[in-house]
Amino acid sequence: MSQKNHYRKNRRDQSKKIAISVIIGLSVLLITAVVAQQFVGQNEVHALEAHDGSLALPMDMINEEIAYFSYEHEGTYMELFAVKDSHGHMVTAMNTCFNCYNTGNGYFTQQGHELVCNNCGNHYNIEDHNHNHGTNECAPITITEDMLEQDGENLYLKIDALSAFVPLFENWQ
């Protein structure tokens, strides 16, 4: 091999190494951005305390951006969320599902107008008010209207209604 061809081959090898390094660097950057997006903009969880047999969720905290609330019921940490759809209708649900709760990671985050399960990745449109399609499916567990009361300032969740959901949160993280 002539010296000129040897020089060209070394340059090509060097160019390939640089290209591979750039691709790897961009891939790491993209993965980091995707992972960071899961945490950026996530709402804080607002702790609730029982008063007169109910939890009061302030109506001024509930809008098209999901609001998370927590409550410790009989020693078990539980979460629920409230969000308004694009028509102003309120959607309230336990922040877990019948299918993924036992993994400890079966909770939901908001991506635009969808709720996304952190465990299996299923997507649910916020406009679908009744997510309970069955007890073996991954879907937010809707808090039904018979469990709620409103007074204009607060949305009240009856604590007795939470008892049925305690087993779903015993392994929750």
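Colleague: Happy to be looking at this with you! Which residues touch the most other members of the largest nonpolar core?

Modeller: Welcome! This is a predicted model, and its largest nonpolar core holds 26 residues. Strands E3 (54-58), E4 (67-73), E5 and E12 (154-158), together with helices H2 (159-162) and H3 (166-169), each supply at least two residues of this core. The members that touch the most others are Leu55, Leu57, Met94, Leu157, Leu162 and Phe165.

Colleague: Let's go back to Leu57. Which residues is it in contact with, leaving aside neighbours within four places in sequence?

Modeller: With those neighbours set aside, the contacts of Leu57 include Glu153 and Asn154.

Colleague: Is Thr76 buried or exposed?

Modeller: Thr76 sits in strand E5 (residues 76-84). Not counting residues up to four places away in sequence, Thr76 touches Tyr71, Val166, Phe169 and Glu170. Its relative accessible area is 11%, and the cut-off for buried is under 20%, so Thr76 is buried.

Colleague: And the cysteines: how many disulfides are there?

Modeller: Cys97 is buried, at 0% relative accessibility, whereas Cys120 is partly exposed, with a relative accessible area of 36%. A disulfide is counted when two cysteine sulfur atoms lie within 2.5 Å. By this rule, the number of disulfides is zero.

Note on methods: Residues are numbered from 1 along each chain as its sequence is written. This is a predicted model: local features need pLDDT of at least 70, side-chain atom pairs count only at pLDDT 80 or more; totals for chains, interfaces and linings use all residues. Side-chain values use heavy atoms; hydrogens and water are left out. Helices (H or I, at least four residues) and strands (E, at least two) are DSSP runs, numbered from the N terminus. Buried means under 20% relative accessible area, exposed over 50%, partly exposed in between (1.4 Å probe, protein chains only). Contact means heavy atoms within 4.5 Å. A nonpolar core is a set of buried Ala, Val, Leu, Ile, Met, Phe, Trp, Tyr and Cys residues joined through side-chain atoms within 4.5 Å.
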